[in-house]
Amino acid sequence: MTGLRAYPMAGVTGPELVREAVARWWGAVAADADLAPYLIGVDRARLAGHLALTLTVALGGPAGDIARPAAGAWRGLGLTEAQHRRVVDYLAGALTALGVPAGAVAAARRAFADEAGS
């Protein structure tokens, strides 16, 4: 798989792309009336950091100091499988909106779906 630097998206690449994708992802999840209650009391900065690391790796970037799968962290929130799939769908939507190539979106979707147990 090629690295993040291989995917220039309208001036957004690498870490900037990941930050923007995570921000959009959070916005979608937080706006979902079914998912938002699961975020009450969650350390969002910590979870966003895990999401960013896992997304970086899924898109072919360096693993850095990734300690545990981010999507696995979602499992600890008590989401159903259908809710896990929706979280992954929001990720795919954020990446697609940023112009990430379909193959990279599919790789990210697989990585998060596998980690979430979907």
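Colleague: Where does D32 lie?
Modeller: D32 is in the loop between α1 and α2. Helices are DSSP runs of H or I with at least four residues, strands are runs of E with at least two, and both are numbered from the N terminus. This is a predicted model, in which local features need pLDDT of at least 70, side-chain atom pairs count only at pLDDT 80 or more, and totals for chains, interfaces and linings use all residues.

Colleague: Is D32 buried or exposed?
Modeller: D32 is buried, at 9% relative accessible area. Buried means under 20%, exposed means over 50%, and partly exposed is in between, with a 1.4 Å probe and protein chains only.

Colleague: And what does D32 touch?
Modeller: Leaving out residues up to four places away in sequence, D32 touches R86 and Y90. A contact here is heavy atoms within 4.5 Å.

Colleague: Which backbone nitrogen lies 2.8 Å from a polar atom of the D32 side chain?
Modeller: The backbone nitrogen of D34.

Colleague: What about V42, where is its place?
Modeller: V42 is also in the loop between α1 and α2. V42 counts as partly exposed, with 22% relative accessibility. Neighbours within four places in sequence aside, V42 is in contact with L47 and L77. From V42 to L77 it is 35 residues in sequence and 8.7 Å in space, C-alpha to C-alpha.

Colleague: Back up a bit. How many helices and strands does the chain have?
Modeller: There are 5 helices and 0 strands in the protein chain.

Colleague: What is the average pLDDT of the chain?
Modeller: The protein chain averages 78, and 73% of the residues score at least 70. pLDDT is the predictor's confidence in each residue, on a scale from 0 to 100.

Colleague: Which elements have the lowest and the highest mean pLDDT?
Modeller: Helix α3 (residues 70–75) has the lowest, at 56, and helix α4 (residues 81–97) has the highest, at 92.

Colleague: Where does pLDDT stay under 50?
Modeller: Over residues 1–12, for which the model has 29 contacts beyond four places in sequence. Where pLDDT is low, predicted coordinates should not be read in detail.

Colleague: Now α4. What should its 17 residues span at 1.5 Å a residue?
Modeller: They should span 24 Å, and the end C-alpha atoms are 24 Å apart, which agrees. The expected span is 1.5 Å times one less than the number of residues.

Colleague: Which residues of α4 are buried?
Modeller: Q83, H84, V87, V88, L91, A92, A94 and L95. Just after α4, G99 has a positive phi of about 85°.

Colleague: And how far does α2 reach?
Modeller: Helix α2 (residues 44–58) has 15 residues and reaches 20 Å from its first C-alpha to its last, close to the expected 21 Å. Its buried residues include L47, H50, L51, T54 and L55. Just after α2, G60 takes a positive phi of about 95°.

Colleague: What does V22 touch?
Modeller: A48, L51, A52 and L55, not counting residues up to four places away in sequence. V22 is in helix α1 and is buried, at 6% relative accessible area.

Colleague: How many aromatic pairs does a search of the whole structure find?
Modeller: The search finds 1 aromatic pair. The rings of W25 and F112 have centres 5.2 Å apart and planes at 85°, so the pair is edge-to-face. Rings of Phe, Tyr and Trp (its six-membered ring) pair if their centres lie within 6.5 Å; planes under 30 degrees apart are stacked, over 60 edge-to-face, and the rest tilted.

Colleague: Why does that pair tie together parts that are 87 residues apart in sequence?
Modeller: Because W25 lies in helix α1 (residues 14–31) and F112 in helix α5 (residues 102–116). W25 is buried at 1% relative accessibility, and F112 is buried with a relative accessible area of 1%.

Colleague: Last one. What share of the chain counts as buried?
Modeller: Of the 118 residues, 39%. Among contacts with a separation of 6 or more, 69% are between residues 24 or more positions apart.

Key:
Residues are numbered from 1 along each chain as its sequence is written. Side-chain values use heavy atoms; hydrogens and water are left out. A polar contact is a pair of N or O atoms within 3.5 Å; within protein, one must be able to donate a hydrogen and the other to accept it, and residues adjacent in sequence count only if both atoms are side-chain atoms.
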